[in-house]
Structure formats: structure tokens, C-alpha cells
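Dear colleague,

I am handing over the structure below, and after it I set out what was found. Please read the notes alongside the coordinates.

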Amino acid sequence: NLKGLFQDFNPSKFLIYACLLLFSILLSLRLDDKIEWSYWAVFAPIWLWKLMVIVGASVGTGVWARNPQYRAEGETCVEFKAMLIAVGIHLLLLMFEVLVCDGIERGTRFWLLVFMPLFFVSPVSVAACVWGFRHDRSLELEILCSVNILQFIFIALRLDEIIKWPWLVVCVPLWILMSFLCLVVLYYIVWSVLFLRSMDVIAEQRRTHITMAVSWMTIVVPLLTFEILLVHRLDGHNSFSYIPVFVPLWLSL
């Protein structure tokens, strides 16, 4: 219901997904030459996302500094450390995004240097995940960065033409990750079917598992479709413009 929807509403995730959606729309339009904006303008939603992170961290640090009693509370200390970890990772991502914009505008060929902040983000994210598991914290962005280190390296090497592999091979780490997500979708579908056939399960549990199955399907299937279309486009196996290639990503976001 509407009340439950607003109770589960997460403003930070909404901001991230909204910024990513707007950025992907602008990027596809720019790649198809529908707009002639500078890439600094195309990345405006990403700058907004990072600006909100920095502003939020500044406010949180100010509140922490002005209220010494918070430092004696164990849970508050964990929250503050989690905020510092998140801000540090976002600053490294911001550095990478600035280097990407500068590299595209200048036509750089040193993509390994551009990707260097991501190479630092991954081990930091692994350490953050270990810390998060110990303190029962949810660190979704950190997990995403930590499991994609090999993919970051392959993309940088391919852009610098150090390796000549087709993009289908370059994205092997991504296919492994997506295979795992497909197994998660299959898991929720199987359990939903079992709960629907079982008479011992209450209606609320049935609705919960069906909702989870549908949610994962609406995220993973369009995302996988986008990745396949993009790889085929980069390898020259189709001549689609970038806008239809990005449509499944918009549905996923």
C-alpha cells in the first residue's frame, strides 16, 4: 500500500538511481550526436550525486563535532565511521569521473592512469566490506566496487589497446557476476512457485516472495539485455544507435 511504500522509501538510493537514469539518457543522446553538449555537462547528474554526498558528509561531521556525547555511543561511532568510508570511496569515484571527462575531452590514450582511482577503490572497498560484515552494516556500493576490480583492469587495458580482445571477452568478469545474479533470480522464482503451491504458507509470505522475484527479474533481465546489446554494438555486430541500446538500462534503473 501507499503507506508501506513511503515507509520503505530510501531517499539516498532514489537520488543515486535518478542521477544514474538522467546521466544514462544524456550519455546516449550525446553518443548518438543528438545533443552537442560537452561531456562535463553530460556528467552533470553525476556531479549532483557527488555534491549531495559531500554536503551530507559535511553536515554529519559538523553535527558530530558539535555534540561530543555522540562519541560515547557505540552505534553512533559505527555510523560515523561508515559515513567516512562511504565519503572516501565517493571521492575516489569522483576523481575517476573527472579524469574520464578530461580524458574524453582531450582525447587521451592513457586510460590506465584514468582508471587508477578505481584500482584504489577496489581494495579499499574489500576492506570496507570486511568492516561492514563485522559491524552488521549494509555496504552495497562497496561490494559492487570490490567484485569488479578485474573488469576495471580489462576495460583499461582494452581502451589503451594493450590487449586486442573483443569486448565480449573483455567483459567475462561481468558475465560471471551476471550469472550469479541470474541464479539469484532463479532462486526467488523457484521459492515463489513453491510458496504458491503450499497451503501452509500465509498470504503475506507469498506476497513477499513474489514481490522479490518480480523485483529481481525487472532489474536483472533488462540490465543483462543492455550489457549484451552494448557489447555487440562495441564489437560491431549490430548497427543500432545508442538510444535503443540504453532503453533496457533505463527500465532497470
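What pattern does the protein follow when it is read along the sequence? The pattern is α-α-α-α-α-α-α-α-α-α-α-α-α, and the secondary structure accordingly comes to 13 helices and 0 strands. Please keep in mind throughout that this is a predicted model, and that the values below were computed from it.

On the overall dimensions, the C-alpha atoms fill a box of roughly 55 × 55 × 30 Å when taken along the principal axes. Of the 253 residues of the protein, 34% count as buried. As for how the chain meets itself, among contacts with a separation of 6 or more, residues 24 or more positions apart account for 57%.

The two domains

The domain assignment divides the protein into domain 1, covering 1-164, and domain 2, covering 167-252. The centres of these two domains, taken over C-alpha atoms, are separated by 23 Å. Where they touch, 18 residues of domain 1 are in contact with 13 residues of domain 2. The size of an interface is often given as the accessible area lost when the parts come together.

How many salt bridges and how many polar contacts link the two domains? The count of salt bridges between domain 1 and domain 2 is 0, whereas 5 residue pairs are in polar contact, with both residues of each pair at pLDDT 80 or more. On the side of domain 1 that touches domain 2, the elements giving two or more residues are α2 (11-31) and α9 (149-159), and the largest share, 7 residues, comes from α2. By residue type, that side of domain 1 divides into 11 nonpolar, 4 polar and 3 charged residues.

Helix α9 and what follows

Helix α9 deserves a separate paragraph.

After α9 comes Glu161, whose phi is positive, near 60 degrees. Glu161 also forms a salt bridge with Lys164, in which the closest N and O atoms are 3.7 Å apart. Of these two residues, Glu161 counts as partly exposed, at 41% relative accessibility, while Lys164 counts as exposed, at 62%.

The other salt bridges

Side chains of opposite charge can pair when their charged atoms come close. In one case the side chains of Asp33 and Arg30 meet at 3.6 Å, N to O. Arg30 is buried, because its relative accessible area of 16% falls under the 20% cut-off, whereas Asp33 is partly exposed at 49%.

In the other case Arg106 pairs with Asp102, the closest N and O atoms being 2.7 Å apart. Both residues lie in helix α5, 4 residues apart, about one turn of the helix. An α-helix has 3.6 residues a turn, so residues three or four places apart point the same way. Arg106 counts as exposed at 67% relative accessibility, while Asp102 is partly exposed, with a relative accessible area of 29%.

His90 in helix α5

Helix α5, residues 74-106, also holds His90. Is His90 buried or exposed? His90 counts as buried, since its relative accessibility is 11% and the cut-off is under 20%. Its side chain makes a polar contact with the side chain of Trp49, at 3.4 Å. When its neighbours within four places in sequence are left aside, His90 is in contact with Trp49, Lys50, Val53 and Leu141.

With kind regards

Terms used: Residues are numbered from 1 along each chain as its sequence is written. This is a predicted model: local features need pLDDT of at least 70, side-chain atom pairs count only at pLDDT 80 or more; totals for chains, interfaces and linings use all residues. Side-chain values use heavy atoms; hydrogens and water are left out. Domain bounds come from an automatic or database domain assignment. Contact means heavy atoms within 4.5 Å. A salt bridge is a side-chain nitrogen of Lys or Arg within 4 Å of a carboxyl oxygen of Asp or Glu. A polar contact is a pair of N or O atoms within 3.5 Å; within protein, one must be able to donate a hydrogen and the other to accept it, and residues adjacent in sequence count only if both atoms are side-chain atoms. Ala, Val, Leu, Ile, Met, Phe, Trp, Tyr, Cys and Pro count as nonpolar, Asp, Glu, Lys and Arg as charged, and the others, Gly among them, as polar. Buried means under 20% relative accessible area, exposed over 50%, partly exposed in between (1.4 Å probe, protein chains only).
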